[in-house]
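Let's take a walk through this structure together, going from one residue to the whole chain and back again. Please have the sequence and the 3D view ready.

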Amino acid sequence: MMPHKLKRPIGFFLVVVGLVGIVLGSLGMYRIWQTRLGLETQLMAALTTAEETLSITQTALENANSALTTIDANIKNLNSTILTVAQGLNDAVPVAGNIADLLQEELPATLGATQTALQTAEASAGLLDGVMRAITSIPFYPGEVYTPEVPLQIAVKNVATSLENLPEALIEVGDQLEANQDNFADMEDDLIVLSRTLTNISTDIANAQTTLSEYQTLLVSVETQRGLLVAGLPGILDSVAWFLNILIAWLLFTQVGLILQGLTLADKNLAPTPAKTPTE
């Protein structure tokens, strides 16, 4: 049995605790919706940044792919010309000079522009990888988690790395061709070797284009997932907010019971004590 003198202070204490709990719970419910609005704004801003990054990366990859297509076409035409020159070497000295100029100047310049485009794509791809990992790790995210076997930034960097030595290789071949113009006896063999080198370069470019095409497809998929998240984000945040509010409401209900219990103890203590009948 609880001592009679303690019932009143304990009752008031329970009432105060219950009221404090209700106030804190109400503030918590209000803050949940405030936080939900702020979080939605931040996530939408992040998704907008992701959209811009996707656009920049897609443009850079398209430019790089277009440049590689131009280079590949030039190399194939050059290879065909070299084979023709090798069959008629005596008439090919002027053509060999033009080929040397193409190898030493035009193709390296085009490759330089391609590497610049790939560097831009690499920087954008790094930001995109980070943004998509953060976005797809959000609870209740409707799409798949962004976990490619090879990050986009690494793939673009690998493509750029595979092209780094090509300008020097082309210039070196052009220098050799220029130096050997007067050596007709060895010219045909050099042209055949050059043709093989250009064939290998063309194969590397084809592989690079395949990689770029795969990641362009990946970017389209990422953009689709970003669109799904933009459409479903308000619903996800609403679901989380309502779940937390229902949980807090249940806790508030228990505080009401605590207050009623405290009032009961206080009322019992405040009730007038029956007067004792004097004995004769």
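Buried means under 20% relative accessible area, exposed means over 50%, and partly exposed lies in between, with a 1.4 Å probe and protein chains only. Val240 has 32% relative accessibility, so Val240 counts as partly exposed. Before going further, a word on the model: it is predicted, so local features need pLDDT of at least 70 and side-chain atom pairs count only at pLDDT 80 or more, while totals for chains, interfaces and linings use all residues. Residues are numbered from 1 along each chain as its sequence is written, and side-chain values use heavy atoms, with hydrogens and water left out.

Now for the overall fold. The protein chain has 5 helices and 0 strands, in the order α-α-α-α-α from the N terminus. Helices here are DSSP runs of H or I with at least four residues, strands are runs of E with at least two, and both are numbered from the N terminus. Of the 280 residues in the protein chain, 37% are buried. Among contacts (heavy atoms within 4.5 Å) with a separation of 6 or more, 89% join residues 24 or more positions apart.

What does the largest nonpolar core contain? It has 54 residues, and Leu78, Leu103, Leu118, Leu191, Leu194 and Leu198 have the most contacts inside it. H1, helix H2 (93–136), helix H3 (152–164), helix H4 (166–179) and H5 each supply at least two residues of this core, and H5 gives the most, with 15 residues. A nonpolar core is a set of buried Ala, Val, Leu, Ile, Met, Phe, Trp, Tyr and Cys residues joined through side-chain atoms within 4.5 Å.

Thr53 is in helix H1 and, at 5% relative accessibility, counts as buried. Leaving aside neighbours within four places in sequence, Thr53 is in contact with Ser124, Leu127 and Leu128. The C-alpha atoms of Thr53 and Ala121 are separated by 9.5 Å, though these residues are 68 apart along the chain.

Asn245 is in helix H5 and is buried, with a relative accessible area of 5%. Its contacts, beyond neighbours within four places in sequence, are Met29, Ile32 and Trp33. With Trp33, the side chain of Asn245 makes a side-chain polar contact at 3.4 Å. A polar contact is a pair of N or O atoms within 3.5 Å; within protein, one must be able to donate a hydrogen and the other to accept it, and residues adjacent in sequence count only if both atoms are side-chain atoms.

How many salt bridges does a search of the whole structure find? The search finds 1, with a salt bridge being a side-chain nitrogen of Lys or Arg within 4 Å of a carboxyl oxygen of Asp or Glu. The side chains of Lys76 and Asp72 form a salt bridge at 3.3 Å, N to O. Both residues lie in helix H1 (residues 4–87), 4 residues apart, about one turn of the helix. Asp72 is buried, with a relative accessible area of 9%.

Finally, back to Val240, which lies in helix H5 (residues 184–270). Val240, Phe243, Leu244, Leu247, Trp250 and Leu251 form a nonpolar surface patch with about 580 Å² of accessible area together.

Notes. Patches are made of residues with over 30% relative accessible area and no salt bridge: like charges are joined within 9 Å, nonpolar side chains (Val, Leu, Ile, Met, Phe, Trp, Tyr) within 5 Å. Accessible areas come from the Shrake-Rupley method with a 1.4 Å probe; for residues, only the protein chains shown count as cover.
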